[in-house]
Amino acid sequence: MKNLYKIIAVSGGILISVMVFAQQRFPRPDFESGYQVPSPTAPEPRSASIEIIDVILLFAALSLVTWFVLKKRSRKGILYTTLFSMIYFGFYRNGCICAIGAIQNVTLALFDPGYAISFTALAFFVLPLLFALFVGRVFCGGVCPLGAIQELVILKPISIPVGLQKALSLIPYIYLGLAVLYAATKTDFIICRYDPFVGIFRMDAPYHMLILGGSFILLGLFIARPYCRFLCPYSVLLNWMSSSSWKHLSITPAECIDCKLCENSCPVDAINKPVSEPVSSSRDVRRFLLLVVLVPFWVLIGGYIGSKAHIYLSRANHTIQLAEMLITNPEVRNDPENLDVQAFLTSGKTLDELINEAELIRENFNTGGWWTGGFLGLAFGLILTGKTLFRNRKDYTPDKGNCVSCGRCMTYCPVGTPGYEMLIKKEIESDN
Amino acid sequence: MNPITKQKLTLRTAFIAGIFSCIVCIIMLLNYWQLRQSDPLESKLMENLVQQLENDRQNEALKEEIRNLDLMARKAYFTKQWQIRAGGYLLVGSMVVLVFALRIYYSTSSRIAEPDPSDIPLKTELLISRRWILSLIILLFGMALIAAFLSDDHLARSYELVGREPSIEENAVEEITVRTRLEPDPSADIKMDASREVLTDNITDETGTTPTEDEKVREEISESIPGGGTNRTSAPSAEEITRNYPSFRGPFGLGISRHTNIPVDWDGPSGKNIVWKVEVPMQGYNSPVIWDDHLYFTGADQNIQVVYCYNRHSGQQIWQHPVSDIQRPSGNLPKPTDDTGFAAPTVATDGRYIAAIFASGDVVCLNREGSRQWGKNLGIPDNHYGHSSSLILWRDLLLIQYDDNSAGKVMALDIKTGNEKWSTVRKSKISWASPVLVQIGDQFELILSSSPQVAAYNPVTGKEIWAVECLSGEVGPSPAFSDGIVYATNEYATLIAIEPGSPPEILWESNEYLPEVSSPVAADGLLFIGTSYGVIVCYDAGNGDILWEHECDQGIYASPIIVEGKVYVLDMDGKMHIFKKDAVKTLLGEPELGEATVSTPAFADGNLYLRGLENIYCIGSK
């Protein structure tokens with residue numbers, strides 16, 4: 001046994017040293033003047049072996065949170081895992097690669113034959129989805145660093161009016177559609193560019209991003225997990241997986257006693273209340289059928305609008321920006337401070353070639369606009385249709401799609417607590 | 001610790017952490033603002049010192065001052081950066097303490113949540129949700145549609161613009177491919193019809209045949225009055241036109257002058273054979289024109305437009321006429337590029353009137369005393385470099401090529417009243433070339449070059465006579481004409497010889513040496529061009545073969561002119577390359593002006609007139 005500990009200690013030491021020294025294959029020059037090399041805003045590349053460890057830790061964290069949620073039912077355990085995730089995946093790994101940004105890597109791999117997605121990016125994309133399919137959104141509950149930082153700053157969560165909440169929940173679909181569109185057209189990774197928390201993790205970002213991150217933190221004090229609920233594009237995919245999960249967090253460990261103690265316990269308003277009686281009428285049925293029939297029209301309308309907006313959307317592409325600038329303001333060629341234009345002019349590429357390239361990209365945006373708009377139309381149509389369905393429920397249950405498996409509600413449920421057990425015991429004794 | 005004490009402690013901790021966070025935040029924002037103001041790379045003081053150093057390179061004290069200032073500025077900058085970084089850590093730390101303290105406070109004071117007494121029925125909740133969702137969908141789709149319809153597809157308009165890139169660096173490689181190109185009809189018999197007889201009012205040099213006078217244009221000629229042109233009311237004859245130099249590239253814009261005794265040797269810096277030299281009063285790239293003893297040109301900037309008249313013998317200014325108070329349509333004035341300016345088009349005169357046009361679209365007609373006859377605006381041209389097509393004045397018609405990004409147009413105004421006689425919309429894109437007027441058979445044709453076509457119009461009616469689609473890109477060079485053949489060209493497009501007719505016939509094409517700005521000139525079976533990369537080429541006008549070429553140190557923007565059996569080609573350094581008009585290269589001289597030039601020379605008997613960027617020169621025997 002002692003030898004085993006020695007082996008583990010030595011292996012751990014070697015791994016740690018590999019981690020330390022793997023960071024810099026080419027050490028920075030030693031400045032005698034005391035000059036400090038500024039840290040880059042993008043994290044330095046990591047060695048492949050370290051990335052394997054990241055994947056292993058991701059799997060381990062997901063498994064741990066699953067255990068805390070389903071078996072141990074321990075809010076504390078989830079919280080400590082959340083803290084570890086924020087420190088490791090957030091501050092230590094500088095928030096990169098994350099599962100949310102991996103959407104773009106996967107998209108680019110699908111659309112660009114020349115792009116080879118790394119195993120890490122693929123694993124970070126797939127593993128949380130697999131877990132969500134089987135056990136719910138445990139990734140959100142205790143592993144996602146963005147969720148973790150928001151979870152830890154929740155102070156006094158307030159409920160948002162239900163209408164506003166449902167309307168804002170459409171935004172992740174739009175963000176997902178645009179992120180896929182821009183990644184597929186090799187324009188930009190907008191999820192990474194506009195990640196509000198990565199600047200905090202790296203302690204370095206443009207000022208407007210730091211302010212955005214700070215604003216989300218401040219907002220998160222009172223509106224729980226605002227990014228997760230109203231922006232995160234990955235939440236769309238997790239929602240789909242989790243809605244049909246095999247197992248899921250339950251508020252009560254046994255039968256719900258309808259004590260209503262958990263009713264306002266969820267900071268993200270993801271608890272479904274009991275529905276005492278079915279309320280379907282023929283009018284409701286007609287409404288439902290109408291909305292179902294309208295879904296293809298939503299798809300067409302969305303696709304049409306998406307394709308019409310392709311000129312506007314494509315302007316985020318650098319090649320198109322450059323071509324349009326040279327066309328509309330040809331005098332910019334004489335501006336020596338415009339580095340983009342000067343780089344182009346000295347590249348040997350002709351304006352004709354640039355415009356041809358830009359036109360091809362714009363054509364891709366036209367096609368992509370149809371798909372993105374169609375997807376949004378479909379999503380909106382189905383969400384609207386879903387808002388006509390009534391389900392008979394007699395217990396308080398978490399909404400499988402929206403519940404982030406943070407475990408707060410579990411602490412409110414008295415069932416299974418020593419106090420409750422004692423109460424039951426007394427009742428039984430008094431009955432006897 | 002009892003809960004109440006714990007609550008008080010955590011609340012106070014949170015309060016202090018909150019105040020501390022606010023203070024740090026404010027200090028960081030101030031620091032950031034200061035940092036933005038004091039970028040060492042943008043320091044005005046540093047700029048001034050560096051400027052001083054440019055003028056006084058040996059000043060060691062100044063160099064030391066610059067070094068010290070630079071060091072201080074950088075130290076201050078990096079210190080502030082460090083302060084921001086440290087502040088960031090402090091802020092994060094205090095925020096962590098704040099949040100932690102508040103969490104403990106709220107957890108110690110939390111009560112069991114009461115169920116919401118005003119429970120919304122599920123049906124109502126769903127109805128509200130549907131309404132909000134639908135509203136947001138309509139809002140989002142609406143915004144997307146508005147953005148879509150307000151977006152201009154600039155790429156779709158690129159066909160008007162693409163094709164040519166201006167030279168920017170000595171070592172830049174320009175490889176712009178032709179965007180559209182129409183091949184000549186392969187079944188056409190491309191041959192040189194040497195026997196074709198064409199009655200032209202063509203201008204040949206004094207070694208060729210004398211021009212044939214057109215009976216229709218023979219007018220009663222009154223006695224000419226020295227110094228000011230003819231005291232006449234009727235339009236001058238072709239003979240009179242050819243005796244002067246009344247428009248861009250001489251009579252009818254063909255690049256051929258009949259004048260004699262033109263100097264071949266001068267030196268600007270030493271003053272050799274410089275009769276006079278006067279400062280250009282206002283910037284402009286137009287070329288001087290001459291009628292009798294008057295020399296005319298214009299100058300303009302974004303505020304002022306002026307027509308000048310100088311005595312060509314003495315260099316004294318006779319009059320100047322500011323062109324203002326012309327009513328313009330609403331809209332922003334064009335912003336021409338620096339290498340075009342506001343006064344690129346050359347004036348035209350017939351001895352009675354002087355017509356000028358500017359980049360603003362203002363056209364003005366003055367009499368020979370400098371008084372305005374009329375002035376009007378043709379519509380503010382949508383021209384990204386600046387309007388530069390010059391004018392031709394013929395038989396009381398002011399002929400204007402007015403191609404811009406919105407449409408191609410050619411028009412004729414009555415020179416006496418400014419009223420439009422005719423206007424023809426052309427199937428062409430924007431162009432910077434100037435028209436030429438030729439006679440083919442017994443009719444005159446106004447020939448215009450643009451992309452994609454070279455076209456001829458009846459100057460009296462404006463009706464299109466023929467057109468050939470053969471050019472592309474941003475067309476700068478004007479056409480040439482000789483022996484009944486039209487020559488048109490553009491850089492990265494082609495050099496093409498067209499035999500006018502119904503239908504016109506393409507005789508040959510070449511793409512070896514092509515000019516960007518300078519217009520070609522042809523006479524006696526020879527065609528001369530000057531390229532913007534400094535090559536002067538003589539082609540066989542009959543078959544497009546290159547007979548000889550000459551490399552210069554500098555590019556050529558001015559157009560070559562044939563005069564007195566010689567070809568005068570002026571490069572941008574002000575060096576005139578004078579060749580014998582011959583199939584064999586014979587360089588006769590390379591006199592230097594000593595000043596940069598882009599304008600085409602003007603000629604009169606015994607003199608030539610050069611407009612540099614700063615001065616106008618009269619060259620001749622003193």
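How many residues of chain A are in contact with chain B, and how many residues of chain B take part? In this predicted model, 69 residues of chain A are in contact with 57 residues of chain B. The area buried between the two chains is about 5,800 Å², and carbon and sulfur atoms give 71% of it. On the side of chain A, the residues that lose the most area to chain B are A:Leu155, A:Met203 and A:Tyr207, which together account for 12% of what that side buries.

Polar pairing across the interface was also counted. Between chain A and chain B there are two salt bridges, and one pairs the side chains of A:Arg362 and B:Asp153, with a distance of 2.7 Å from N to O. Six residue pairs are in polar contact between the chains, when both residues are required to have a pLDDT of 80 or more. The largest share of the side of chain A that touches chain B comes from H19(A), which contributes 10 residues. For the complex, the predictor gives an ipTM of 0.82 and a pTM of 0.55.

Chain A averages a pLDDT of 86, with 88% of the residues scoring at least 70. Within chain A, helix H9 (residues 171–184) has the highest confidence, at 96, whereas helix H1 (residues 2–22) has the lowest, at a mean of 48. Over residues 7–12 of chain A the pLDDT is below 50, and this stretch has zero contacts in the model beyond near neighbours in sequence; over residues 14–25 of chain A the pLDDT is likewise below 50, but that stretch has 12 such contacts. Chain B has a mean pLDDT of 83, and 85% of its residues reach 70 or more.

H2(A) is followed by A:Arg73, whose phi is positive, near 50°. In helix H17 (residues 318–328), the buried residues are A:Thr319, A:Ile320, A:Leu322, A:Ala323, A:Glu324, A:Leu326 and A:Ile327. At the start of H17(A), a side-chain oxygen of A:Asn317 reaches to within 2.9 Å of the backbone nitrogen of A:Thr319.

B:Asp403 lies between strand S14 (397–401) and strand S15 (408–414), and it counts as buried because its relative accessibility is 1%, the limit being under 20%. The side chain of B:Asp403 makes polar contacts with the side chain of B:Gln401, at 3.0 Å, and with that of B:Arg426, at 2.9 Å. Leaving aside neighbours within four places in sequence, B:Asp403 is in contact with residues including B:Asn383, B:Lys409, B:Arg426, B:Ser428, B:Ile430 and B:Ser450.

Conventions: Residues are numbered from 1 along each chain as its sequence is written. Chains are lettered from A and ligands numbered from 1 in the order in which they are written. Side-chain values use heavy atoms; hydrogens and water are left out. Buried means under 20% relative accessible area, exposed over 50%, partly exposed in between (1.4 Å probe, protein chains only). Helices (H or I, at least four residues) and strands (E, at least two) are DSSP runs, numbered from the N terminus. A polar contact is a pair of N or O atoms within 3.5 Å; within protein, one must be able to donate a hydrogen and the other to accept it, and residues adjacent in sequence count only if both atoms are side-chain atoms. Contact means heavy atoms within 4.5 Å. pLDDT is the predictor's confidence in each residue, from 0 to 100. Buried area is the accessible area (1.4 Å probe) that two parts lose on being put together, summed over both. A salt bridge is a side-chain nitrogen of Lys or Arg within 4 Å of a carboxyl oxygen of Asp or Glu.
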